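Here is a short note to read beside the model. Please keep the structure open while going through the points.

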Amino acid sequence: MATVKTRDGTEIAYKDWGPKDAQPIMFHHGWPLSSDDWDAQMLFFVRNGYRVVAHDRRGHGRSAQVSDGHDMDHYAADAAAVVEHLDLRNAIHIGHSTGGGEVARYVATFGQPQERVAKAVLVSAVPPLMLRTEANPEGLPRDVFDGFRKALAENRAQFFLDVPAGPFYGFNRDGAKILPGVIQNWWRQGMMGSAKAHYEGIEAFSETDQTEDLRAITVPTLVLHGEDDQIVPIADAALKSITLLKNGTLKTYPGYPHGMLTVHADVINADILAFIRP
């Protein structure tokens, strides 16, 4: 994979497929995965005439396993480094889960001020804030995220099997069709990354308040969320985000899990395509 070096010297790996003069779509992956999580989307959109770009977040996938910078500000700045290196303009930014937070911070901080963004899509995304606080009583209690940290520190390999085999794709629901390859691919992507990046990333995705990022976004933004998301519950995410966005469209999916972009790729891809086409 090609790489770009950020301002703090971190090497970020990225893919860049399709015609260089086509409208670019940049994909931002979720925790603790890599750009490979977008395979179904990248193949679909490149076949539909788009230039598709996806990077591995710092400490994830094939990017450098640096010690520091595992926070939303660095995530957004690293994405901006890829965008600027490739000189992407009129771009559509699509983020899943933590990647949705990265998109929100990137668009508000870099993309709009630089006039590089056309539209944004937030899929099962973490904004505005996952953690329960006095101002966010609907959020998840800190114990949930402390449990993630404990499981990761004690046995990351097992934790990274339990998450995709259970709630991430809804495989723990009665009647669910289990897809072992999907579980193994989640594990493969996770174990490529840095344990420290993953551990510190839990704070980034759970405690970063992105209310002001969402309020700052003016480009058309599509918010997609599964109504049976057991990782990022819809009530404290999409249903709040849509009230903060100035130009947002919300679409929800009964029964769909957090990892719907993989197990329901045909539906999600078609809905995104309908949104981004002129």
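1. Start with Lys15, which is found in strand E2 (residues 11–17). Helices (H or I, at least four residues) and strands (E, at least two) are DSSP runs, numbered from the N terminus. This is a predicted model: local features need pLDDT of at least 70, side-chain atom pairs count only at pLDDT 80 or more, and totals for chains, interfaces and linings use all residues. Residues are numbered from 1 along each chain as its sequence is written, and side-chain values use heavy atoms, leaving out hydrogens and water.

2. Lys15 has a relative accessible area of 11%, so this residue is buried. Buried means under 20% relative accessible area, exposed over 50%, partly exposed in between (1.4 Å probe, protein chains only).

3. What does the side chain of Lys15 make a polar contact with? The partner is the side chain of Asp36, at 2.6 Å. A polar contact is a pair of N or O atoms within 3.5 Å; within protein, one must be able to donate a hydrogen and the other to accept it, and residues adjacent in sequence count only if both atoms are side-chain atoms.

4. Lys15 also touches other residues, among them Met1, Asp39, Val53 and Arg62, leaving aside residues up to four places away in sequence. Contact means heavy atoms within 4.5 Å.

5. Now turn to Gln189, in helix H5 (residues 180–192). Its relative accessible area is 1%, so Gln189 is buried. Pro32 is 157 residues away from Gln189 in sequence, yet the C-alpha atoms are 7.5 Å apart in space. Gln189 touches Pro32, and Asp36 is also among its contacts, not counting residues up to four places away in sequence. A polar atom of the Gln189 side chain lies 3.1 Å from the backbone nitrogen of Asp37.

6. Next, the rings. The structure holds 17 aromatic pairs. Rings of Phe, Tyr and Trp (its six-membered ring) pair if their centres lie within 6.5 Å; planes under 30 degrees apart count as stacked, over 60 as edge-to-face and the rest as tilted. Phe145 and Phe205 have ring centres 6.2 Å apart and planes at 75°, so their pair is edge-to-face. Phe145 lies in helix H4 (residues 142–168) and Phe205 in helix H6 (residues 195–207), so the pair ties together parts that are 60 residues apart in sequence. Both Phe145 and Phe205 are buried.

7. One aromatic cluster includes Trp31, Phe145, Phe168, Tyr169, Trp186 and Phe205.
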